[in-house]
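Hello,

Please open it first; my notes on what was found follow below.

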Amino acid sequence: MSRNRRSRSRSRSRAAASYRYIDSDQGLRDVVATVSSEPRFALDTEFHRERTYRPQAALIQIAWPGDLVLIDPLAVDVAPLAEVFGAGGLMVVHAAGQDLEVLDHCCGAVPGRIFDTQIAAGFLGLGTPALSSLYESEIGWRPPKADRLTDWLARPLKTSQLDYAASDVMHLLEIHERLAARLEELGRQDWAQAEFELLLERNRQGQRPEEAWSRLKEVRHLRRRDLPVVRSVAMWRELRAAKVNQPVRHVLSDVAVVSISQAAPRTTEELAAVRGVGEGVARGRLGPAILKAVADGLASDWRPPPKRTARTEAADRLRPAVGLVTSWVSQLARNRMIEPSLLATRADIEALIRGDADARLARGWRSEMVGEPLRRLVAGEAALAFDNGQLVLEERSHRPVA
């Protein structure tokens, strides 16, 4: 797209709407001035991250009553959008997790208030629907399809790409109105709001480099004495990837990180012999840095938390019951028309049984609905029984059948 100051409009029926393409500083300033005074706006992003550590914004779509714009972050600096996010308006978005990361990176800010239509749908018995499914079920509209492998960084963008991008926010405010009204009717707006705030908090915390080791799939196969090294090497890889803005796997593969931790090489020759490393990496500019990370891990006094405590031993004794309890929670979620993962995951159940201080089921509405009944079950005050094909949590009779 050219960088001259112009707007491109395309008129559509309900299947699409007119939108403006913003690729000039003045055009963006006008958008910021207008949207900053709006009480709410819909937003979506298109981005790529296949070749970068951070997501690279390719398009930002914003809609508010009476207007819709597609902002080209390759043509203009979109940092001024931070003014919109700081103005207090409600950002309506679908599946906001990655969008928040994109905005944080390219604008240096995210909104303080959001309404995630996917999360809201989960509290209304709609599961975790794709936006296209939500459009179709709520307003009977089927948005245009897009090529899953479309290149959003290519310029000029095709009309079909622009139409698809516009459709993502075109009727999102209408969806918001419908879902918000039903949440209020069911008295669940506070539940959803708590999840929205948690999503914002997760974005603020980001991914800590020192925790990168815990995201490795093969880490469970390592010996306990290998963990300080895997932690150090994985942290180095994360920081290196962020510095050069490359995916972590391009810096060093997961297999290499785990193999290095097991071998704990101290020399270039030993490092070159490690699976997934090889001569090129070991003798190249990364070799000394990897060996230093290994040495730092070996010298570190860091140790993972003890595997067993009185609480975890109690949890182990109750582990056979976790599957049954998980089934009860899933059934309860269906009966209450809540997405099961929003109510309680298996990890949530295990955390409550262990007595974790930060267990989700120990506070708020989840404690009342699941946490307290589960506490009574674990204490032997209640029992699970089958009734008409359903699991029922009921008072315990203390009368053994056999």
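The lining of the second largest pocket divides by class into nine nonpolar, seven polar and ten charged residues. The space in this pocket comes to about 880 Å³. It is lined by 26 residues, and Arg49, Tyr53, Glu101, Gln207 and Glu238 are the closest to its centre. Helices α3, α8, α9 (227–244) and α10 (248–251) each supply at least two residues of that lining. The most comes from α3, with five residues.

Please keep in mind that this is a predicted model. The mean pLDDT of the protein chain is 91, and 92% of its residues reach 70 or more.

The largest pocket has a volume of about 1,100 Å³. Its lining has 37 residues, and those nearest the centre are Glu46, Arg148, Trp152, Tyr164 and Asp168. By class, this lining holds 14 nonpolar, ten polar and 13 charged residues. Which elements each supply at least two residues of the lining of the largest pocket? They are β2 (40–48), α3 (97–107), α5 (131–139) and α6 (159–170). Strand β2 gives the most, with six residues.

Searching the whole structure gives seven aromatic pairs. One of them is formed by Trp191 and Trp365, which are stacked at 4.2 Å centre to centre with 10° between the planes. This pair links distant parts of the chain, the two residues being 174 residues apart. Trp191 is in helix α8 (residues 189–205), while Trp365 is in helix α18 (residues 364–378). Are these two residues buried or exposed? Trp191 is buried, and Trp365 is buried as well. Ring pairs also bring in Phe123, which forms a cluster with Trp191 and Trp365.

If you want a place to start in the viewer, go to Trp191 and Trp365, then to Glu46 and the others nearest the centre of the largest pocket.

Regards

Definitions and conventions: Residues are numbered from 1 along each chain as its sequence is written. This is a predicted model: local features need pLDDT of at least 70, side-chain atom pairs count only at pLDDT 80 or more; totals for chains, interfaces and linings use all residues. Side-chain values use heavy atoms; hydrogens and water are left out. Rings of Phe, Tyr and Trp (its six-membered ring) pair if their centres lie within 6.5 Å; planes under 30 degrees apart count as stacked, over 60 as edge-to-face and the rest as tilted. Helices (H or I, at least four residues) and strands (E, at least two) are DSSP runs, numbered from the N terminus. Buried means under 20% relative accessible area, exposed over 50%, partly exposed in between (1.4 Å probe, protein chains only). pLDDT is the predictor's confidence in each residue, from 0 to 100. On a 1 Å grid over the protein atoms alone, a cavity is a set of points where a 1.4 Å probe fits but cannot get out, and a pocket is an open set with protein on both sides within 12 Å along at least five of seven lines; lining residues have an atom within 4 Å of a point. Grid points are joined across faces, edges and corners, and a volume is the space filled by probe spheres set on the points. Ala, Val, Leu, Ile, Met, Phe, Trp, Tyr, Cys and Pro count as nonpolar, Asp, Glu, Lys and Arg as charged, and the others, Gly among them, as polar.
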